[in-house]
Amino acid sequence: MQHISVGSSFSASASSLRRTYTLALTGVLIAMQLALSSVAVYVTADMRITFGFLTIAATATLFGPVVAGVHGALADILACFLFPAGAYFPGYTLTALLVGLLYGLFFYRREVRLWHVLVAQLVVDLLCHVLLNTLWRSMTGGSAMMALLPVRLLKNALCYPVNCALLYFLHRLLRRLPASLKR
């Protein structure tokens with residue numbers, strides 16, 4: 001696989017939204033994300049670990065940042081209505097969109113190596129899960145952001161090696177897909 005620029009990555013990904021194959025497979029991956037995200041391991045009453053992120057990473061790898069961003073946003077909105085855990089807040093949808101964009105920038109049309117996975121997950125964890133989601137949680141829950149930050153950092157630090165290992169093995173599996181499935 002060749003490396004492509006950010007601009008052409010967005011362009012190629014956006015143009016793939018016109019294909020039925022892309023829409024159908026992304027829909028299946030969104031459904032899988034909803035199923036995987038509904039099965040959670042609770043670390044504390046407010047802290048859970050899910051594996052739905054693997055489907056958005058797969059979408060990002062196969063179809064790029066634009067499709068993965070749409071995947072993230074749609075999955076978040078659908079999850080809010082199918083499994084309500086409180087009022088809808090658009091900040092979380094923005095974060096989910098950003099996760100897809102970031103994974104797409106790191107994984108789309110690349111021979112994904114371990115360092116790609118390590119850096120991508122670090123950026124997603126720090127920017128999206130620690131910074132933005134902590135901000136949204138403080139805005140919606142009334143807690144001070146600085147009070148939430150240490151717990152969120154610890155949770156993401158503990159999950160980081162597991163998430164990286166899962167992402168790396170996902171990419172090893174995706175490499176084995178026939179070229180006709182990676183359109």
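Modeller: In α3, F53, I56, A57, A60 and T61 meet A96, V99, G100, Y103, G104 and F107 of α5. Contact means heavy atoms within 4.5 Å. Helices (H or I, at least four residues) and strands (E, at least two) are DSSP runs, numbered from the N terminus. This is a predicted model: local features need pLDDT of at least 70, side-chain atom pairs count only at pLDDT 80 or more, and totals for chains, interfaces and linings use all residues. Residues are numbered from 1 along each chain as its sequence is written, and side-chain values use heavy atoms, with hydrogens and water left out.

Colleague: At what angle do α3 and α5 pack?

Modeller: Two packed helices are described by the angle between their axes and the distance between the axes. Axes are lines fitted to C-alpha atoms, for helices over the stretch in contact, and angles run from 0 to 180 degrees between N-to-C directions. For α3 and α5 the angle is about 50 degrees, and the axes are 8 Å apart. That makes α3 oblique to α5. The cut-offs are: under 35 degrees roughly parallel, over 145 roughly antiparallel, 65 to 115 roughly perpendicular, the rest oblique.

Colleague: Is the crossing of α3 and α5 left-handed or right-handed?

Modeller: Right-handed. A crossing is right-handed if the near helix is turned clockwise from the far one by less than a right angle, and left-handed if anticlockwise. By class, this contact of α3 with α5 has eight nonpolar, three polar and no charged residues. Ala, Val, Leu, Ile, Met, Phe, Trp, Tyr, Cys and Pro count as nonpolar, Asp, Glu, Lys and Arg as charged, and the others, Gly among them, as polar.

Colleague: How do α6 and α7 pack?

Modeller: Helix α6 (residues 114–141) packs on helix α7 (residues 145–175) at about 150 degrees, with axes 9 Å apart. They are therefore roughly antiparallel to each other. Their crossing is right-handed. The contact of α6 with α7 has 16 nonpolar, eight polar and three charged residues.

Colleague: At what angle do α1 and α4 cross?

Modeller: Helix α1 (residues 6–16) and helix α4 (residues 65–82) cross at roughly 60 degrees, and their axes come within 6 Å. That makes α1 oblique to α4. S9, F10, S13, A14 and S16 of α1 make the contact with P65, V66 and V67 of α4.

Colleague: Which residues does V66 touch?

Modeller: Leaving aside neighbours within four places in sequence, V66 is in contact with F10, S13, A14, L17 and L101. The C-alpha atoms of V66 and A12 are separated by 8.8 Å, though the two are 54 residues apart along the chain.

Colleague: What is the volume of the largest pocket?

Modeller: About 1,600 Å³. Its lining has 44 residues, of which R48, T50, D76, Y92 and N133 lie nearest the centre. α6 gives the most, with seven residues.

Technical notes:
On a 1 Å grid over the protein atoms alone, a cavity is a set of points where a 1.4 Å probe fits but cannot get out, and a pocket is an open set with protein on both sides within 12 Å along at least five of seven lines; lining residues have an atom within 4 Å of a point. Grid points are joined across faces, edges and corners, and a volume is the space filled by probe spheres set on the points.
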